[in-house]
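User: Hi! I would like to learn how to read a protein structure, one feature at a time. Could you walk me through this one?

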Amino acid sequence: MRPLPRPGVLDIEAYVPGKSSAPGLAKVFKLSSNETPLGPSPEAIAAYKSAGERLEEYPDGSAGELREAIGRAFGLDPDRIVCGAGSDDLLHLLAYAYLVDGDEAIHTTHGFLIYPIVTLGAGAKPIVVPETNYTADVDGILAAVTKRTKLVFLANPNNPTGTYLPFDEVKRLHRGLPANVLLVLDAAYAEYVRNNDYEAGIELVATAENVVMCRTFSKIYGLAALRLGWMFGPAHIVDAVNRIRGPFNVSDGAIAAGVAAIKDVEHQERSREHNTRWLAWLTEEIGKLGLKVTPSVANFVLIHFPQAKDRTAKDADAFLTTRGLILRQTTAYKLPNALRLSVGTEEANRLVVAALKDFLAKPA
Ligand SMILES: Cc1ncc(COP(=O)(O)O)c(C=O)c1O
C-alpha cells in the first residue's frame, strides 16, 4: 500500500521545455521558447531590483497595484482581473475550479501542451479535436461537445502553429457552446497580432458569463523568468479562482516589474515592430529555401521538413544545434516533421536562414 495520485495524473506526459544549450559551443541562440529577443523594459528591471530591498515581506496577495495598472492599460475593471504565477498557473486553477472526475475538456490537435496536462490533473478527460490547415476548427469543436463537456481551451493565436481564429469565428464558437461550458481564450501572443479581424477576448468576456481570457507577461513584456500572467473574467469566475489560488501566488518582484513593464508602451511598441519585421522576413526567406512555413501572427514560425533521408526535422535540429541555434522540436505537439523557431535578434535570424540553406545544400 502506498499513496496513489488521482486517476489521470499518471497518464500525464510531463511537459518538456524547449532546449536551452548546445554542448561545447561558446555562443548559443535560444530560439526554442518564444522569448523576446529585446528583453524586458529597463524600467521593469529597475523595479524588480528595488523589490529586492524588501524580501522579508509577503507580497500583496491581491496584486492590487498590478491589477490596476493592467486595468488602466486595457480599459478593464481591476476587480475582474486575477494575476497568476504565469498564465500556466491560471490555466491550472481554471481546470481545478471547473472540472470534476468524468468531465470532458476540449482542445485541438496541435493546441498548447498544458491543456491536456491540467485536464488530466483535474481528473477529467481531454477531448482532442482535429484542426484544418493547422488552425482550430470551430465546427469540429462544436461537434465534439457532449453533456460532459465543461471547458474548451483555445489558444488564439495558437502555439506552436502561430495560426489564429478571427473574432467572428471565436464569437461563432461561443454562440454554439452551451451556457454551462467555460470557454478559455488563451491569448498569450495577442500583443504580436496585427490583423484587424483579431480580438483577444476582452469584448467577449465583457458580455458573456462563460468566457475568460488569459494573458502573459512572458512574451512581449520579456518577464518569463518572473512567472507572471493574468486573466480577465466574469465576476463569478474571478471569485471562484480567487478562492482556490495560492494566497500569495505572485511575488513582489513580479508585481513591481509587471507594473513597470505595462507602463513602458514604447518598449512594447519596439518589440512589436521588431517582431513584425523579422516574422515576415523569416517566413519569406525560409520559404525561398523550399521549406513550408505555416503563416504565423505570433513571435515564432512553424517550419515543416520533408521526410527524405538526412533532411528531416530531426536532422535539421541536430545540424542547427551544432551551430548554436536551438529550435523547438514539436513531436509532443503531434508535429514530428516540423520545428518551431522563435523570432530572434537580427543576428540570430540571419544565422538560422544561412544554416538552413547549408543544411539543405549538404549532400544527402
Ligand atoms: C499558448 C500559451 N499559453 C500559455 C503559455 C504560458 O505562459 P506563461 O509563461 O505565462 O505561463 C504559453 C507559453 O509558452 C503559451 O504558448
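Analyst: Happy to! Let's begin with how pieces of the chain get their names: helices (H or I, at least four residues) and strands (E, at least two) are DSSP runs, numbered from the N terminus. Two notes before we go on. This is a predicted model, where local features need pLDDT of at least 70 and side-chain atom pairs count only at pLDDT 80 or more, while totals for chains, interfaces and linings use all residues. Residues are numbered from 1 along each chain as its sequence is written, and side-chain values use heavy atoms, with hydrogens and water left out.

User: What is the phi of Asn 34?

Analyst: In general, most residues other than glycine have a negative phi, and most peptide bonds are trans. Asn 34 has a positive phi, near 55 degrees. Lys 334, also not a glycine, has a positive phi of about 60 degrees. Lys 334 lies in the loop between β12 (328–329) and β13 (338–342).

User: Is Asn 34 buried or exposed?

Analyst: Here we need cut-offs: buried means under 20% relative accessible area, exposed means over 50%, and partly exposed is in between (1.4 Å probe, protein chains only). Asn 34 has a relative accessible area of 1%, so Asn 34 is buried. Lys 334 is partly exposed, because its relative accessible area is 48%.

User: Which residues does a cis peptide bond join?

Analyst: A cis peptide bond joins Asn 156 and Pro 157, with omega about 0 degrees. Another joins Asn 159 and Pro 160, with omega about 20 degrees. Pro 157 sits in the loop between β5 (149–155) and α6 (167–176), and Pro 160 is also placed in the loop between β5 and α6.

User: How many residues does the largest nonpolar core have?

Analyst: The general idea is that in soluble globular proteins, nonpolar side chains tend to be buried together. A nonpolar core is a set of buried Ala, Val, Leu, Ile, Met, Phe, Trp, Tyr and Cys residues joined through side-chain atoms within 4.5 Å. The largest one here has 62 residues, and Leu 66, Phe 217 and Trp 230 have the most contacts inside it. Helix α9 (residues 252–263) gives the most to this core, with 8 residues. A second, separate core has 31 residues, including Ala 105, Ile 114, Ala 155 and Val 184.

User: What does Phe 217 touch?

Analyst: Touching, or contact, means heavy atoms within 4.5 Å. Leaving aside residues up to four places away in sequence, the partners of Phe 217 include Leu 66, Ile 70, Trp 230, Gly 258 and Ile 262.

User: How many residues of helix α4 are buried?

Analyst: Helix α4 (residues 114–121) is mostly covered, with 8 of its 8 residues buried. Among them are Ile 114, Tyr 115, Pro 116 and Leu 120. The buried residues of α4 pack against α3, β3 (104–108), β4 (125–129), β5 and β6 (182–186). Just after α4, Gly 123 takes a positive phi of about 85 degrees.

User: Which residues come nearest to the ligand?

Analyst: A residue is near a molecule or strand if one of its heavy atoms lies within 4 Å of it. There are 13 residues around the ligand, and Ser 87, Asp 186, Tyr 189, Thr 216 and Ser 218 come nearest. Helix α3 (residues 86–98) gives the largest share of this shell, 3 residues.

User: What does Arg 350 touch?

Analyst: Arg 350 is found in helix α12 (residues 346–361). Not counting residues up to four places away in sequence, Arg 350 touches Trp 278 and Trp 281. The side chain of Arg 350 also makes a polar contact with the side chain of Glu 346 (2.9 Å).

Conventions:
Polar contact = N/O pair within 3.5 Å; in protein donor to acceptor, adjacent residues only side chain to side chain.
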